[in-house]
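Subject: Structure handover

Hello,

Here is the structure you are taking over, followed by notes on what was found in it. Please keep it open while you read.

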Amino acid sequence: MLEKNPYRILKAEVLEVTAETPTIKTIRFKPEQPVPFRTGQFIELTIPGVGESPFTPSSKPSINDVLEVSVMKVGKVTEKVHQLKKGDEIGVRGPFGNGYPLDEFKGKEVLVVGGGCGFAPLRSLMYSLFELSGQFKKLCFRGGCKAPSEFLYRKEIEGWAKRPDLNLELTVDKGDESWKGHVGLVTTILDSAQMDYKNGIAILCGPPIMMKFGAKKIMEMGFQEKNLFLSMEKNMSCGIGKCGHCRLGTYYCCKDGPVFRYDQIKNLSEIWD
Ligand SMILES: Cc1cc2nc3c(=O)[nH]c(=O)nc-3n(C[C@H](O)[C@H](O)[C@H](O)COP(=O)(O)OP(=O)(O)OC[C@H]3O[C@@H](n4cnc5c(N)ncnc54)[C@H](O)[C@@H]3O)c2cc1C
Ligand code: FES
């Protein structure tokens with residue numbers, strides 16, 4: 001089990017670095033002791049001498065001695081993450097936050113919608129849902145990206161199409177010669193899930209613009225606000241509800257989230273910032 005002291009940084013060794021897209025790399029690392037996490041929770045990753053940033057593990061929660069995060073290069077810390085090599089030492093704190101309430105999803109129809117870097121936390125969620133296969137009335141995945149070259153885990157996700165327990169459809173905003181699938185925004189392929197919207201569960205994770213229009217579309221389809229779960233990203237520091245950096249209305253994203261029900265946050269002006 002992890003330390004009771006949430007500020008203690010565990011050493012971790014980088015085992016593998018995989019370039020997934022032009023801007024996203026997956027880092028596989030082994031912490032000095034296991035880091036048990038629930039899908040949807042996040043960790044703080046430290047690059048010695050540079051700083052720390054929150055990331056949601058993209059790997060299987062049932063494996064906690066080796067973890068993976070998929071990181072988009074956007075600034076100071078993430079640029080250094082992209083320079084990591086096998087054998088480098090990094091630090092890990094956590095896990096933090098609430099994660100997805102998987103027990104609540106059992107016996108229901110579940111629609112998972114992702115876009116861009118949002119595939120990272122959703123891959124971990126899908127692994128957990130696959131491990132509970134047979135416990136949902138229906139499982140649907142809808143994923144979208146700007147272009148085929150930006151499709152995170154493309155081969156793996158295309159492979160999920162063969163699963164009998166999954167109804168899957170993917171789309172890109174703009175196709176190329178390698179893309180034989182749907183072209184258009186992810187919101188245009190949600191209706192084809194043909195689910196029991198009123199009693200179903202919807203999960204949404206992606207860039208703010210996709211979350212905004214995705215939530216609107218999911219509400220129009222007839223899902224209940226309390227049954228739409230969004231994974232929110234706010235600037236964070238402590239990760240444990242002390243510093244106030246991640247305030248979202250009356251909530252702290254690090255402690256009360258990062259997974260929120262739509263009815264908790266829908267009226268907050270800063271929701272899509
Ligand atoms: C709970 C949570 C889970 C996350 N999971 C992932 C993940 O799995 N993969 C991934 O690539 N990214 C994830 N992020 C975003 C990631 O933490 C930021 O991209 C990272 O902290 C940026 O650090 P930087 O030093 O490289 O950028 P900076 O130089 O600090 O800033 C560059 C840009 O990124 C923005 N930014 C900085 N910190 C954050 C932040 N915490 N959240 C959102 N935007 C930020 C800044 O406003 C600025 O526009 C997650 C964020 C949160 C809060
Ligand atoms: S990161 Fe400090 S309160 Fe949330």
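Ala12 stands opposite Pro31 in strand 2. Strands here are DSSP runs of E with at least two residues, helices are runs of H or I with at least four residues, and both are numbered from the N terminus. Strand 1 (residues 10-19) and strand 2 (residues 24-31) run antiparallel and are joined by 7 bridges. Two strands count as paired if DSSP finds at least two bridges between them. A hairpin is formed by strand 1 and strand 2, with 4 residues between them. Strand 2 is also joined to strand 5, by 6 bridges and again antiparallel. In that pairing, Ile27 stands opposite Val69 of strand 5. As background, strands of a sheet pair through backbone hydrogen bonds, in either a parallel or an antiparallel way.

Before going on, note that this is a predicted model, in which local features need pLDDT of at least 70, side-chain atom pairs count only at pLDDT 80 or more, and totals for chains, interfaces and linings use all residues. Residues are numbered from 1 along each chain as its sequence is written, while chains are lettered from A and ligands numbered from 1 in the order in which they are written.

The whole chain

The chain has 7 helices and 15 strands. Its C-alpha trace spans about 50 × 45 × 35 Å along the principal axes. A compact globule of 273 residues would have a radius of gyration near 19 Å, and the 18 Å of the chain agrees with this. The radius is taken over C-alpha atoms, and the globule rule is 2.2 Å times the number of residues to the power 0.38.

Of the 273 residues, 41% count as buried. A residue is buried if 20 or more other C-beta atoms lie within 10 Å of its own, exposed if 12 or fewer do, and partly exposed in between, with C-beta atoms placed from the backbone. Among contacts between residues at least 6 apart in sequence, 70% join residues at least 24 apart. A contact means that the C-beta atoms of two residues, placed from the backbone, lie within 7 Å.

The contact takes 15 residues from domain 1 and 14 residues from domain 2. On the side of domain 1 that touches domain 2 there are 5 nonpolar, 8 polar and 2 charged residues. In this scheme Ala, Val, Leu, Ile, Met, Phe, Trp, Tyr, Cys and Pro are nonpolar, Asp, Glu, Lys and Arg are charged, and the others, Gly among them, are polar.

Why does ligand 1 lie between the two domains? Domain 1 and domain 2 both give residues to the shell around ligand 1, so it lies between them. The shell has 22 residues, and the closest are Ser53, Met72, Gly75, Val77 and Thr78. A residue is near a molecule if its C-beta atom, placed from the backbone, lies within 6 Å of it. By class, the shell has 13 nonpolar, 6 polar and 3 charged residues. Strand 4 (51-55), strand 5 (67-72), helix 1 (76-83) and helix 3 (119-131) each supply at least two of the shell residues. The largest share, 4 residues, comes from strand 5.

An open sheet of 7 strands has the order 10-9-8-7-11-12-15, with mixed pairing. Strand 10 and strand 15 stand at the edges with a single partner strand each, so one side of each is left without a neighbour in the sheet. Strand 15 pairs with strand 12 (residues 228-231) in the antiparallel sense over 3 bridges. Phe229 has Arg261 in strand 15 as its bridge partner.

Backbone details

Gly94 and Pro95 are joined by a cis peptide bond, with omega about 10°, and Pro95 is in strand 6 (residues 89-96). The peptide bond from Gly257 to Pro258 is also cis, with omega near 5°. Pro258 is in the loop between helix 6 (253-256) and strand 15 (259-261).

Is Tyr153 buried or exposed? Tyr153 is buried, with 22 other C-beta atoms within 10 Å. Its phi is near 55°, a positive value in a residue other than glycine. Gln194 has a positive phi too, near 45°, but it counts as exposed, with 10 C-beta neighbours inside 10 Å.

Regards

Conventions: Domain bounds come from an automatic or database domain assignment.
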